[in-house]
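Welcome, and thanks for taking a look at this one. Please have the model open beside you as you read the notes below.

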Amino acid sequence: MKICWFNENKLGLVEGDSILDVSAALKVLPAQSYPATTKGDPLIANLARVQDEIRKLAPGARKIPVKGARLLSPVAAPTKIIGVPVNYIKHVEEAASQTDVFPLRHQQGTVIDQGFFLKSNSSLVGPSEGVKLRFPDRRNDHEMELGIIIGKYANNIPEEGALDYIAGYCIALDMVVRGTEDRSFRKSIDTYSVAGPWMVTADEIPDPGHLKFSLAVNGEVRQASNTQFLLLNIQKQISFASQWYALHPGDIIMTGTCEGVSRVLPGDVMHCEIEKIGEMDVKVEAA
Ligand code: MN
């Protein structure tokens, strides 16, 4: 099932070129108390229940074309966005060779040496919101990645069975200003985390370790690879992350970028595709 948030926080079921408005399914969510007694995104935490309701509503739902919809992030409120650095060998090599672009830290080893980082939740947007560059005079790069959406509480879990903790997948853009400041600082700017165009539930992608993906800027392909080249695969990423902190429903892991990261400027349009998920266009503007 492909589930999205669209327009003014409507819940959508994507079928072909259409979005069905299934916002009424949200009525099955348990009443929220404040402060919340459990962490995580309420929709993702109650996904099975919401999906049952979506199936009931779909036949009578109002339909709009995908092209006419304003697509938001498929997770409204993650407790954290986890970044996985230098996780494709060819990106490790480009980081080590372009010493004028990447800070020393980024040039030293792989994800195994560097561990993960966090991006601010407030940086998260959907594809239709676009990326708004804060420092267009500096080098702002796209990093095209597979996004994983965690489905349930995961604390110190083993690799084996780790895929069972995934609610679904999306396209992720880990945008960054290159420079010497801390990585999380440079990747937490408003709009520098893009997730979309929807969440594809995990049952539709039994093997996330073999997905082709690509990113083009203004029609020119800049990044193209396959998740089979991940150094730390998806099972290992979930297990490793959960050894350091608990994962909660809706947490997003941006699984790492392949080679070909390059600069974007105001006016550019990034076209992103991942096999079995879909495609999305993201505009770049000055903030
Ligand atoms: Mn990245």
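What volume does the largest cavity have? The largest cavity comes to about 40 Å³. This is a predicted model, in which local features need pLDDT of at least 70 and side-chain atom pairs count only at pLDDT 80 or more, while totals for chains, interfaces and linings use all residues. Residues are numbered from 1 along each chain as its sequence is written, and side-chain values use heavy atoms, with hydrogens and water left out.

**Domains**

- The domain assignment gives the protein chain domain 1 (2-65) and domain 2 (81-286); such bounds come from an automatic or database domain assignment.
- Between the C-alpha centres of domain 1 and domain 2 there are 25 Å.
- Eleven residues from domain 1 and 14 residues from domain 2 take part in the contact, where contact means heavy atoms within 4.5 Å.

**Nonpolar cores**

- A nonpolar core is a set of buried Ala, Val, Leu, Ile, Met, Phe, Trp, Tyr and Cys residues joined through side-chain atoms within 4.5 Å. Buried means under 20% relative accessible area, exposed over 50%, and partly exposed in between, with a 1.4 Å probe and protein chains only.
- The largest nonpolar core holds 56 residues, and Ile19, Leu173, Ile238, Met270 and Ile277 have the most contacts inside it.
- Domain 1 (2-65) and domain 2 (81-286) each supply at least three residues to this core.
- A second, separate core has 28 residues, including Trp5, Ile44, Ile54 and Leu124.
- Leaving aside neighbours within four places in sequence, Met270 is in contact with residues including Val131, His142, Leu173, Met175, Leu215 and Val264. Met280, Asp281, Val282 and Val284 are also among the contacts of Met270.

**Pockets**

- On a 1 Å grid over the protein atoms alone, a pocket is an open set of points with protein on both sides within 12 Å along at least five of seven lines, and a cavity is a set of points where a 1.4 Å probe fits but cannot get out; lining residues have an atom within 4 Å of a point. Grid points are joined across faces, edges and corners, and a volume is the space filled by probe spheres set on the points.
- The largest pocket has a volume of about 550 Å³. Its lining has 21 residues, and Val66, Lys67, Leu71, Met280 and Asp281 lie nearest its centre.
- Strand E13 (193-201), strand E17 (269-274) and strand E18 (278-286) are the elements that give two or more residues to the lining of the largest pocket, and E18 gives the most, with six residues. Helices (H or I, at least four residues) and strands (E, at least two) are DSSP runs numbered from the N terminus.
- By class, the lining of the largest pocket has ten nonpolar, four polar and seven charged residues. Ala, Val, Leu, Ile, Met, Phe, Trp, Tyr, Cys and Pro count as nonpolar, Asp, Glu, Lys and Arg as charged, and the others, Gly among them, as polar.
- The largest pocket lies between domain 1 (2-65) and domain 2 (81-286), because both give residues to its lining.
- The second largest pocket holds about 280 Å³ of space, and of its 16 lining residues Pro30, Gln32, Thr38, Pro42 and Asn46 lie nearest its centre.
- Seven nonpolar, seven polar and two charged residues make up the lining of the second largest pocket. Both domain 1 (2-65) and domain 2 (81-286) give residues to this lining, so the second largest pocket also lies between them.

**Cavity**

- The count comes to one cavity of 30 Å³ or more.
- Residues that line the largest cavity include Val84, Pro85, Val86, His91, His106, Phe117, Glu143 and Arg183. The lining divides into four nonpolar, four polar and four charged residues.

**Backbone details**

- Tyr34 and Pro35 are joined by a cis peptide bond with omega about -5°, and Pro35 sits in the loop between strand E3 (18-21) and helix H1 (42-45).
- Another cis peptide bond runs from Gly196 to Pro197, with omega near -10°; Pro197 is in strand E13.
- Asn9 is not a glycine, yet has a positive phi of about 55°. Asn9 is in the loop between strand E1 (2-6) and strand E2 (10-15), and counts as exposed because its relative accessibility is 57%.
- Lys276, also not a glycine, has a positive phi of about 70° and lies in the loop between E17 and E18.
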